[in-house]
Amino acid sequence: MYGLTSQIRRAAASIPTNIAEGCGRKSQTELVQFLNIASGSASEVEYELLLAKDINYITIEQYNLMTKEIREIRSMLKAYMNQTRKNI
């Protein structure tokens, strides 16, 4: 359980870290690249939540709540990427 918890925390922390790093880059193209990495981390969190549910580390209610939130984050990232691409 500790390993999975650690992995979820690492992947979740990677999302805003990559957004921040991308915002600090010189070009919009680099920003999109880091937003893609952040989106990948969000997908990783979503899978790890599914795994945690499947091995009964979290309840279905916890899974549903957290999955809804991570999907919302991915949706916001996608919108931000689309807007940023328009400015390239």
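Buried means under 20% relative accessible area, exposed means over 50%, and partly exposed lies in between, with a 1.4 Å probe and protein chains only. By that rule Asn-18, at 9% relative accessibility, counts as buried. This is a predicted model, in which local features need pLDDT of at least 70, side-chain atom pairs count only at pLDDT 80 or more, and totals for chains, interfaces and linings use all residues. Residues are numbered from 1 along each chain as its sequence is written, and side-chain values use heavy atoms, with hydrogens and water left out.

**Overall build**

- The protein chain has three helices and zero strands. Helices (H or I, at least four residues) and strands (E, at least two) are DSSP runs, numbered from the N terminus.
- The order of elements from the N terminus is α-α-α.
- Along the principal axes, the C-alpha atoms of the protein chain fill a box of roughly 45 × 20 × 10 Å.
- The protein chain has 88 residues, and buried residues make up 32% of them.
- The accessible surface of the protein chain is about 5,700 Å². Carbon and sulfur atoms hold 55% of that surface. Accessible areas come from the Shrake-Rupley method with a 1.4 Å probe; for residues, only the protein chains shown count as cover.
- Take the contacts in the protein chain with a separation of 6 or more: 69% of them are between residues 24 or more positions apart. Contact means heavy atoms within 4.5 Å.

**The nonpolar core**

- The largest nonpolar core has 16 residues. Such a core is a set of buried Ala, Val, Leu, Ile, Met, Phe, Trp, Tyr and Cys residues joined through side-chain atoms within 4.5 Å.
- H1, helix H2 (28-54) and helix H3 (60-86) each give two or more residues to this core. H2 gives the most, with seven residues.
- Among the residues with the most contacts inside the core are Ile-15, Leu-35, Val-45 and Ile-70.
- Leu-35 touches Ile-19, Leu-77, Tyr-80, Met-81 and Thr-84, leaving out residues up to four places away in sequence.
- In soluble globular proteins, nonpolar side chains tend to be buried together.

- Asn-18 is found in helix H1. Its side chain joins that of Ser-14 in a polar contact of 2.9 Å. A polar contact is a pair of N or O atoms within 3.5 Å; within protein, one must be able to donate a hydrogen and the other to accept it, and residues adjacent in sequence count only if both atoms are side-chain atoms.
- Beyond its neighbours within four places in sequence, Asn-18 is in contact with Phe-34, Ile-37, Ala-38 and Ser-41.
- Thr-67 sits in helix H3. At 4% relative accessibility, Thr-67 counts as buried.
- The Thr-67 side chain reaches the backbone oxygen of Tyr-63 at 2.7 Å. Not counting residues up to four places away in sequence, Thr-67 touches Glu-46 and Leu-49.

**Salt bridges**

- A salt bridge is a side-chain nitrogen of Lys or Arg within 4 Å of a carboxyl oxygen of Asp or Glu. The count by this rule is six salt bridges.
- One of them joins the side chains of Arg-10 and Glu-44 (2.6 Å, N to O). Arg-10 lies in helix H1 and Glu-44 in helix H2, so this pair ties together parts that are 34 residues apart in sequence.
- Arg-10 is partly exposed at 43% relative accessibility, and Glu-44 is partly exposed at 25% relative accessible area.
- Glu-21 forms a salt bridge with Arg-25, with the closest N and O atoms 2.7 Å apart. Arg-25 also meets Glu-30 in a salt bridge (3.7 Å, N to O). Through shared partners, Glu-21, Arg-25 and Glu-30 form one network.
- Glu-21 is partly exposed at 34% relative accessibility. Arg-25 is partly exposed at 35%, and Glu-30 is partly exposed at 26%.

**A nonpolar surface patch**

- Met-1, Ile-55 and Tyr-57 form a nonpolar patch on the surface, with about 300 Å² of accessible area together. Patches are made of residues with over 30% relative accessible area and no salt bridge: like charges are joined within 9 Å, nonpolar side chains (Val, Leu, Ile, Met, Phe, Trp, Tyr) within 5 Å.
- Met-1 lies in the segment before helix H1 (2-23). Met-1 is exposed, with a relative accessible area of 58%.
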